[in-house]
Amino acid sequence: MPEHSTTTLVDLLDRVVHRGAVVRGDVVITLAGVELIRLDLRLLLIGLGSAR
């Protein structure tokens, strides 16, 4: 039987931080169809070793 490799959450986070990633999202709070609050969010994930 072939062995299946499993990727743990730590391995995945290590890869993302090593290569870098940008996460973008929008949050909108409305009341009765009126936009009250709008947040545009951007998050940059990068390791210190990769930034140099």
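Predicted model: local features only at pLDDT ≥ 70, side-chain atom pairs only at ≥ 80, totals over all residues.
Let me begin with a term: a residue is called buried when its relative accessible area is under 20%, exposed when that area is over 50%, and partly exposed in between, using a 1.4 Å probe and counting protein chains only. By that scale aspartate 40, at 46% relative accessibility, is partly exposed, and I will come back to this residue.

Residues are numbered from 1 along each chain as its sequence is written, and side-chain values use heavy atoms, with hydrogens and water left out.

Now the overall layout. The chain has 2 helices and 2 strands, where helices (H or I, at least four residues) and strands (E, at least two) are DSSP runs numbered from the N terminus. Read from the N terminus, the order of these elements is α-β-β-α. Of the 52 residues in the chain, 2% count as buried, and the chain exposes about 5,200 Å², of which carbon and sulfur atoms supply 60%, the areas coming from the Shrake-Rupley method with a 1.4 Å probe and, for residues, with only the protein chains shown counting as cover.

Helix H1 covers residues 9-19, and because the number of buried residues among its 11 is 0, H1 lies largely in the open. Just after H1 comes glycine 20, which takes a positive phi of about 95°.

E1 (residues 21-31) and E2 (residues 34-45) run antiparallel and are joined by 11 bridges; for two strands to count as paired, DSSP has to find at least two bridges between them. Across this pairing, aspartate 26 stands opposite aspartate 40 in E2.

What phi does alanine 32 take in the hairpin of E1 and E2? The hairpin has 2 residues between the strands, and alanine 32 takes a positive phi near 55° there, a positive value in a residue other than glycine. At 78% relative accessibility, alanine 32 counts as exposed.

On strand E2 we find leucine 36, which at 53% relative accessibility also counts as exposed. Leaving aside neighbours within four places in sequence, leucine 36 is in contact (heavy atoms within 4.5 Å) with Ile29, Thr30 and Leu31. For the chain as a whole, if we take the contacts with a separation of 6 or more, residues 24 or more positions apart account for 24% of them.

Finally, the charged side chains. The structure holds 2 salt bridges, a salt bridge being a side-chain nitrogen of Lys or Arg within 4 Å of a carboxyl oxygen of Asp or Glu. Which residues are linked in a network of salt bridges? They are Glu35, Arg38 and Asp40. Arginine 38 meets glutamate 35 with an N to O distance of 3.7 Å, and arginine 38 also forms a salt bridge with aspartate 40, where the closest N and O atoms are 3.7 Å apart.
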